[in-house]
Amino acid sequence: MDDKYLWILEYNKILDQLAGHTSFSAGRQLAVNLRPSSEEWEVRERLQETTEAKSLLATRTDVTLGGARDVRPLMRRAEVGATLQPTDLLDIRNTLNSGRTLRNVLIHLKDQVPLLAAKAELIDPLADVIQEIGRCLDDDGNVLDDASPALARIRHESAIARDRLYERLRRMVSSSDTARYLQEAIITQRNGRYVIPLKAEFRGRIPGIIHDQSASGATLFIEPLETVDLNNRWHELQLAEQREIERILAELTQMVGRDADVITRDVELLAELDLALAKAQYSYALRGVPAEMSESRWPVADAEQQVPPYEHPLHLIRARHPLLNPATVVPIDVYIGGNYTVLLITGPNTGGKTVSLKTVGLLAAMSQSGLHIPAADGSRLPVFSGIYADIGDEQSIEQSLSTFSSHMSHIIDILRRADSQSLVLLDELGAGTDPVEGSALAQSIIKTLVDRGCIAVSSTHYSQLKVFAFSTPYVQNASVEFDVETLSPTYRLTIGLPGRSNALAIAKRLGLDESILSEAQRLLSPEDLEVDALLANVKSASEAADQAREDAEQRRTRVSAMETELRKKLVGIEEARRQVLEETRAEGRRELEELRETIRRLRRNMAQAVGTTQATQEVAQEVERLLEQMEQPEPVREPVAPPSQKLEVGDKVYVSTLGQTGELLSLSGQEAEVRVGGFRLRAPVGTLEFRSREAPPPPTESKAVRGPLVSSPGVELDLRGQRAEEVAPIVSKYLDDAYLAGLPWVNIIHGKGTGVLKEVVRQFLSDHPLVESYRPGGPGEGGEGVTVVHLAKREQQ
């Protein structure tokens, strides 16, 4: 992809921010050179690496490339035979150490980060190189005595020679014969040789070689002749030590040079891993997510079809411009490629049109570079073959010609390059020239983009283009909103509506004379006024529809949560039922075993008794017969009624759709109301299976006084909409019918409202002879909007 268009989008600033998260220069170089890929497999792999690195940092915060250096220049020097310095060799050792540590961590977490682990497995830690450099050098770069036997011997001899020399000089400066000629009784060094400070006026009193004098000339630093040989010996050993050190460093350099290719490859692998970790850290900084890769081509539907946002190939949810302050930036939703491929954004200056264009372009470039994008989960992006942008801010009148020429040059180049898989971003299309010609030119360019099939987003001020977008297939209007009350943009992007003209409203808010505004209003064409009013109505309708969708989604979420909670409770009920059955079975088995043991004991006692009678033998035979007849109790099973069994209120029924057993409360045509645990639900009669029915009480010899048989009025009475004075007769008749139908309880629905209907109902219930008790509805029964009434039990005589 052309850097020119990426730089217009300020993609280079994204790379600078990314580079700030790298650990060493090689990783930083990869970061600043990162470019979007147009290959789907490569984009997918890059995003996967970033996701794995983010997962790694979430579980292992100690993962780092600390100590790694870009030692590739040192490898080139080693290959040509230049001796490396101790600090260079330490950088090589630390880099190899860093690679070894990271390699071990990633291989250990191979299942969690397979791509990163596969890359880490290619790192050769060169343990022998690490060990040899560590054997020869300490952490400060000093060559250790153990680097070679010769160096250890030389340093030992050098230390002895120095001690001898120092001891001879110490005796001289302490001697009363020479001390009076010295400025101070000290031993110092000049030109690498030990000397003593002689007063200038006593020159010649102590034979020796002058190596230096003080700035004032009052002191001469001389090497006494009697220590020259000792000094020479010590100096020779120092030179020998230096030669041995140089030899050791040359050998270490040759060793490193032999593995130069391996070390260079290790550095490159470490740089790639450093970049992956930097992308993960940048994702955390942006609160980014990986964009889903859209594989469908566009448009996915005809222009007349309605396509939900999530089916568009490009669908950005709550997308934020990555270079703006995340605390203040307004997120936008953008979707393109379903039933339109060109999005035309209108709106006021500084309203966010350019930011919207750059947000789309930057997030597409970031995703194809393997970066997570600052948007919400579920955002989708295709892989574009090219990303082209013509975005400029020049708006001065005196530069209009040059501005138009510059824009047109960019557009010509874009049209020459863009294909059906490209993303094209055009800011202020047709601006900088005559509005009529500019509008006509903009329409022609948009038609070309539609015919070519590329996805395009363009901004404009021309009103003609709003109408053009309405009437042209595969072109969609969009707008950035403006708050006339505060005279400031809201930066919210609305797709499907063009931007309204706010010039007169802004002028009025700023205090322009009313007569001038009236004259301007009169000069507007009726068509313009009609279009503006129509746009206002469409905007209001769109906002109402959005609110309705949001309310519906909230209700759907609440219902889903209630359904989930109900299923959890039903599962708990079923588990409790199974536990009770299992405990019952266990208790039965235990009692059966105790009975068997008792019988066995009786049998043993009878067998041991003396003088067994015929009766005892008969008892024993009966015991044997009982033992033979005793069987293991059958598992408890739910009884199943014959298919022809007719269901009645009060029956125990099995709800096949839930796999639960409940009580049948009411029947209404092909629908039934069933109580399952503490919940009431409606279910088709075809999903219910009869399980059991309570047997009627046995008849008595006395005459039974029974009420008339009536059909069930149902377990609910809805009084909502009734006046207070109408309630008493309705409730009284309903309670009579419910009592005669044998219902144990009923629900009276009166709603919440002002509470008057509720008070009238409950006052009536408090004195009614058929009411045993009543209470407000529970959380799952309607709350204060429902009164649950428990009816008195019918008596039979």
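The legends below describe several close-up views of one predicted model.

Residues are numbered from 1 along each chain as its sequence is written, and side-chain values use heavy atoms, with hydrogens and water left out. Because the model is predicted, local features need a pLDDT of at least 70 and side-chain atom pairs count only at pLDDT 80 or more, while totals for chains, interfaces and linings use all residues.

View 1. Helices (H or I, at least four residues) and strands (E, at least two) are DSSP runs, numbered from the N terminus. Of the 797 residues in the protein, 40% are buried, where buried means under 20% relative accessible area, exposed means over 50%, and partly exposed lies in between (1.4 Å probe, protein chains only). Among the contacts with a separation of 6 or more, 68% are between residues 24 or more positions apart; a contact means heavy atoms within 4.5 Å.

**View 2. Helix 4 crossing helix 12.** Two packed helices are described by the angle between their axes and the distance between the axes. The axes of helix 4 (residues 40-59) and helix 12 (residues 260-286) come within 8 Å and cross at roughly 75°, which makes helix 4 roughly perpendicular to helix 12. Axes are lines fitted to C-alpha atoms, for helices over the stretch in contact, and angles run from 0 to 180 degrees between N-to-C directions; those under 35 degrees count as roughly parallel, over 145 as roughly antiparallel, 65 to 115 as roughly perpendicular, and the rest as oblique. On the helix 4 side the contact is made by R46, T50, A53, K54, L56, L57 and A58, and on the helix 12 side by A276, L277, K279, A280, Q281, S283 and Y284. By class, the residues of this contact divide into eight nonpolar, three polar and three charged, with Ala, Val, Leu, Ile, Met, Phe, Trp, Tyr, Cys and Pro counted as nonpolar, Asp, Glu, Lys and Arg as charged, and the others, Gly among them, as polar.

**View 3. Helix 17 beside helix 18.** Helix 17 (residues 503-510) and helix 18 (residues 514-523) pack at an angle of about 175°, with their axes 10 Å apart, and the two helices are therefore roughly antiparallel to each other. In this contact L504, A507 and K508 of helix 17 meet E514, L517, A520 and Q521 of helix 18. The contact of helix 17 with helix 18 has four nonpolar, one polar and two charged residues.

**View 4. The largest nonpolar core, with 73 residues.** A nonpolar core is a set of buried Ala, Val, Leu, Ile, Met, Phe, Trp, Tyr and Cys residues joined through side-chain atoms within 4.5 Å. Within the largest core, L314, L316, V334 and L343 touch the most other members, and helix 13 (residues 353-368) gives the most to this core, with seven residues. Leaving aside neighbours within four places in sequence, L343 is in contact with V334, I336, A456, V457, S458, Q476, N477, A478 and I495. A second, separate core of 50 residues includes L90, V105, L106 and L116.

View 5. A salt bridge is a side-chain nitrogen of Lys or Arg within 4 Å of a carboxyl oxygen of Asp or Glu. R155 forms a salt bridge with D145, the closest N and O atoms being 2.5 Å apart; R155 lies in helix 9 and D145 in the loop between helix 8 and helix 9, so the pair ties together parts that are ten residues apart in sequence. R153 forms a salt bridge with E157, with the closest N and O atoms 3.5 Å apart, and because R153 and E157 are four residues apart in helix 9, about one helical turn separates them. R153 counts as partly exposed at 45% relative accessibility, and E157 also counts as partly exposed, at 26%.

**View 6. The place of A78 in helix 5 (residues 72-79).** A78 is buried, with a relative accessible area of 8%. Leaving aside its neighbours within four places in sequence, A78 is in contact with L84, T253 and G257. A78 and D259 are 181 residues apart in sequence, but 9.8 Å apart in space, C-alpha to C-alpha.
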